[in-house]
Amino acid sequence: MLFEIQRVIKMKKTVIISVCLIIAVLIGAFFLSDNTPDTSGIWENAMYTEDAELGEGKKTVSIDVIAEGEKVTFTLHSDKETVGDALKEHNLIDGEEGSYGLYVKFVNGIKADYDENQTYWAFCKGSKPTSTGVDVTEFKDGEKYELVYTK
């Protein structure tokens with residue numbers, strides 16, 4: 001009987017120690033990980049790798065920049081008329097003027113060029129492409145958009 005009690009106590013200690021070790025590993029993994037994009041590959045030239053709040057205008061728009069499974073969110077405060085003008089105000093986009101408006105080639109320093117590697121920046125709202133480009137989309141308070149690196 002005494003031997004049985006000692007065996008149960010030893011087994012409980014082993015279980016408790018194992019659970020503590022698992023919890024310690026999980027806590028360590030949580031605190032050591034971060035949500036910033038990997039700065040290799042196309043993110044290597046990114047200006048921002050963490051979410052940023054920019055500007056001081058009366059209207060606010062949120063824009064997610066999504067590329068290769070990574071995301072950074074910009075909260076823009078601006079009095080500009082269009083989303084494109086607000087993005088340009090903070091040097092977040094660049095491109096070429098074409099017959100259909102601004103062809104965005106750079107977002108947050110990340111290049112997408114269909115002629116070079118069949119990639120482009122899709123301008124979306126609610127994960128669906130917009131019917132207008134950034135240079136003509138009205139900058140409306142409270143809106144949320146995405147610029148998605150697309151192949």
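## Phe74 and its aromatic pair

Phe74 is buried, with a relative accessible area of 1% (buried means under 20%, exposed over 50%, partly exposed in between, with a 1.4 Å probe and protein chains only). This is a predicted model, in which local features need pLDDT of at least 70 and side-chain atom pairs count only at pLDDT 80 or more, while totals for chains, interfaces and linings use all residues. Residues are numbered from 1 along each chain as its sequence is written, and side-chain values use heavy atoms, without hydrogens and water.

The structure holds three aromatic pairs (rings of Phe, Tyr and Trp, the last by its six-membered ring, with centres within 6.5 Å; planes under 30 degrees apart are stacked, over 60 edge-to-face, the rest tilted). One of them joins Tyr48 and Phe74 edge-to-face, at 5.3 Å centre to centre and 80° between the planes. Tyr48 sits in the loop between α1 (2-32) and β1 (52-55), and Phe74 in strand β3 (residues 70-78), 26 residues apart. Tyr48 is partly exposed, at 26% relative accessible area.

## Trp121 and Tyr149

Trp121 and Tyr149 also form an edge-to-face pair, with 5.5 Å between centres and 70° between planes. Trp121 belongs to strand β7 (residues 120-125) and Tyr149 to strand β9 (residues 144-150), so the pair ties together parts 28 residues apart in sequence. Trp121 is buried at 8% relative accessibility, and Tyr149 is buried at 10%.

## Chain overview

The protein chain has three helices and nine strands, in the order α-β-β-β-α-β-β-β-α-β-β-β (DSSP runs numbered from the N terminus: helices H or I, at least four residues; strands E, at least two). Of its 151 residues, 33% are buried.
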